[in-house]
Amino acid sequence: MTTRLFRRSGWLLPVLLAALAVFFGFSPEAFAHGVTAGDKGYIQEVTGVLPIPFIYLGAKHMMTGYDHLLFLFGVIFFLYRLRDVGLYVTLFAVGHVITLLSGVLMDISISAYIIDAIIGFSVVYKALDNMGAFQRWFGYQPDTRVATFVFGLFHGFGLATKILEYELSPDGLLGNLIFFNIGVEIGQVLALSVILIAITYWRKSGTFLRHAYAANSFMMMLGFLLMGYQITGYIIS
């Protein structure tokens, strides 16, 4: 039954991506690469190592991080083997962890608008990569593993920049950051599981390749929308 539904609705994922584009256009807060106002108040007030709350916050960040999910969706779009999915997701996670920890602990701060614009560009880049644009334009295929790791660094640094703005208590800071990263990985596994289930059914429908180009075009539009929002914010701030 489910397979028949996807066979009849091969346009489903592209339309969902388009709907997200409209949603983002009317909801600038969807671009916030950080935590909600309520969570911000909480992490500013607490002290000491708090495993469960920070694991929860990390998982929540990943599950609601549209920029992360869009990029990961693009990364696994043409990956059919779980081994390959695991490799690329690990490269992204390692990059994310490195810059999140080092950015906060070493107090490295750059404009959040610039970092988030680069994160938006990562979505555009991956969509173009999936569309074979670099091969057509330059006759060269960049190493997707290196690109995934490098953009993972920027994604992690984006969150580090936000965390620095919240001025977390130094009491238990390292421990809380570690537990936050554990939560991020848990959220990443949960989010990827849903994405993989959906894309697996889509591939079985027989319409996957016909609509792959359109889906990545919509994803590229979302990336440009994110970039435009952040660049505009940087100019007027």
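This is a predicted model: local features need pLDDT of at least 70, side-chain atom pairs count only at pLDDT 80 or more; totals for chains, interfaces and linings use all residues.
1. Leaving aside residues up to four places away in sequence, Val-104 touches Thr-99, Ala-160, Ile-163, Leu-164, Leu-173 and Leu-177. Val-104 is also listed, together with Ile-76 and Phe-77, among the residues with the most contacts inside the largest nonpolar core.

2. That core deserves attention next. The largest nonpolar core comprises 54 residues. At least two residues of this core come from each of helix 4 (51-64), helix 5 (66-76), helix 6, helix 7 (112-130), helix 8 (133-138), helix 9 (144-166), helix 10 and helix 11 (208-236). Helix 10 gives the most, with 9 residues.

3. Helix 6 spans residues 82-105 and helix 10 spans residues 173-204; the two pack at an angle of about 155°, and their axes are 11 Å apart. Because angles over 145 degrees count as roughly antiparallel, helix 6 and helix 10 are described as roughly antiparallel to each other. The crossing of helix 6 past helix 10 is right-handed.

4. Which residues make this contact? On helix 6 they are Leu-82, Val-85, Val-89, Phe-92, Ala-93, His-96, Val-97, Leu-100, Leu-101, Val-104 and Leu-105. On helix 10 they are Leu-173, Leu-174, Leu-177, Phe-180, Asn-181, Val-184, Glu-185, Gln-188, Leu-192 and Leu-196. By class, the contact has 17 nonpolar, 3 polar and 1 charged residues.

5. Helix 5 should be noted for its burial. The buried residues are Asp-67, His-68, Leu-70, Phe-71, Leu-72, Phe-73, Gly-74, Val-75 and Ile-76. Ile-76 is also one of the residues with the most contacts inside the largest nonpolar core.

6. Is Asp-107 buried or exposed? Asp-107 is exposed, with a relative accessible area of 57%. This residue lies in the loop between helix 6 and helix 7. Its phi is positive, about 55°, although Asp-107 is not a glycine.

7. Finally, the chain as a whole may be considered. The chain contains 11 helices and 0 strands. Buried residues account for 49% of its 237 residues. Among contacts between residues at least 6 apart in sequence, 86% join residues at least 24 apart.

Methods
Residues are numbered from 1 along each chain as its sequence is written. Side-chain values use heavy atoms; hydrogens and water are left out. Axes are lines fitted to C-alpha atoms, for helices over the stretch in contact, and angles run from 0 to 180 degrees between N-to-C directions. Helices (H or I, at least four residues) and strands (E, at least two) are DSSP runs, numbered from the N terminus. Angles under 35 degrees count as roughly parallel, over 145 as roughly antiparallel, 65 to 115 as roughly perpendicular and the rest as oblique. A crossing is left-handed if the near helix is turned anticlockwise from the far one by less than a right angle, and right-handed if clockwise. Contact means heavy atoms within 4.5 Å. Ala, Val, Leu, Ile, Met, Phe, Trp, Tyr, Cys and Pro count as nonpolar, Asp, Glu, Lys and Arg as charged, and the others, Gly among them, as polar. A nonpolar core is a set of buried Ala, Val, Leu, Ile, Met, Phe, Trp, Tyr and Cys residues joined through side-chain atoms within 4.5 Å. Buried means under 20% relative accessible area, exposed over 50%, partly exposed in between (1.4 Å probe, protein chains only).
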